[in-house]
Amino acid sequence: MSLVKLKIVGYSDNKYSSEAGSFDVQINPSSMKLNKGINYAESKDMSEQEKQKFDMQQANSLSFDITLDDTGIVPNNKGKIKDRINVIEKVLYTINGETHEPNYAKVVWGDFVFQGRLTSLNYDYTLFKPDGSPLRVKISFSFKGYKSGPEKKSPDLSRNITLKSGENIALLCQKFYDDPSYCTDVAKANDLVNFRNIKPGTQLMFPPLKREK
């Protein structure tokens, strides 16, 4: 089995559709730290039970270290350390000239995928040539992701959805409106003859819908 290298890909948009560069690590990290948290309501006027009421899920965070080595011990076909650092910073840290902000990031290692943005980038240089050029550096990355909680439902918002394999209008009506009987309303809003047998990849608009009481 071939060794899978951790890869970081930059994107200029938060939908992760416009790639803005990438890089593979030279040496995989020896460990990774993934943090998840939950916030609960807090107030001096609340009872102990009320203080345990769910408020929101915190954004996930990810941190890990990698090493760049130019001593020849580790195979390197990606240029000098300075050049590789320039690539890393262009992908994650440098302000994108089109969006005027740093890129979004996707960290991929085998089945592990994390989406978020860089929050810190630290360099620890540990070995140098006689002329001062770096031979080895440890780079520490920290990323902030997105809240991983279930999507809050609101019948007052329009949604544009691309139908995926295994999905259907009834299933999505249950998800967005808590009522699959909105199928005919959604079909009418999208100029569909009926709501059955819609092909995956079809763009659908789910409008604000509410039954009159």
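Val108 stands opposite Val113 in β8. In this predicted model, local features need pLDDT of at least 70 and side-chain atom pairs count only at pLDDT 80 or more, while totals for chains, interfaces and linings use all residues. Residues are numbered from 1 along each chain as its sequence is written, and side-chain values use heavy atoms, with hydrogens and water left out.

Strands β7 (residues 104-109) and β8 (residues 112-128) run antiparallel and are joined by 5 bridges. Strands count as paired if DSSP finds at least two bridges between them; the elements themselves are DSSP runs numbered from the N terminus, with helices being H or I of at least four residues and strands E of at least two. The two strands form a hairpin with 2 residues between them, and Gly110 in the turn has a positive phi of about 65°.

## The largest core

Let's move to the nonpolar cores. Such a core is a set of buried Ala, Val, Leu, Ile, Met, Phe, Trp, Tyr and Cys residues joined through side-chain atoms within 4.5 Å, where buried means under 20% relative accessible area, exposed over 50% and partly exposed in between (1.4 Å probe, protein chains only). The largest one has 22 residues, and Ile8, Phe64, Leu92, Ile139, Phe141 and Phe143 have the most contacts inside it. At least two residues of this core come from each of β6 (59-69), α2 (81-92), β7, β8 and β9 (134-147). The largest share, 5 residues, is supplied by α2.

Another core, of 14 residues, lies apart from the largest one, and Ile169, Phe176, Tyr177 and Ile198 are among its members. In helix α3 (residues 169-177), the residues Ile169, Leu172, Cys173, Phe176 and Tyr177 are buried. These five cover an arc of only 105° around the axis, taken from the directions from the helix axis to the C-beta atoms, so they sit on the same side of α3. The buried residues of α3 pack against β10 (159-162), α4 (183-189) and β11 (203-206).

Just after α3, Asp178 takes a positive phi of about 60°.

With a disulfide taken as a pair of cysteine sulfur atoms within 2.5 Å, the count is 0. Cys173 is in no disulfide, and the nearest cysteine sulfur, that of Cys183, is 4.4 Å away. Cys173 counts as buried because its relative accessibility is 0%, and Cys183 counts as buried at 4%.

Technical notes:
Contact = heavy atoms within 4.5 Å.
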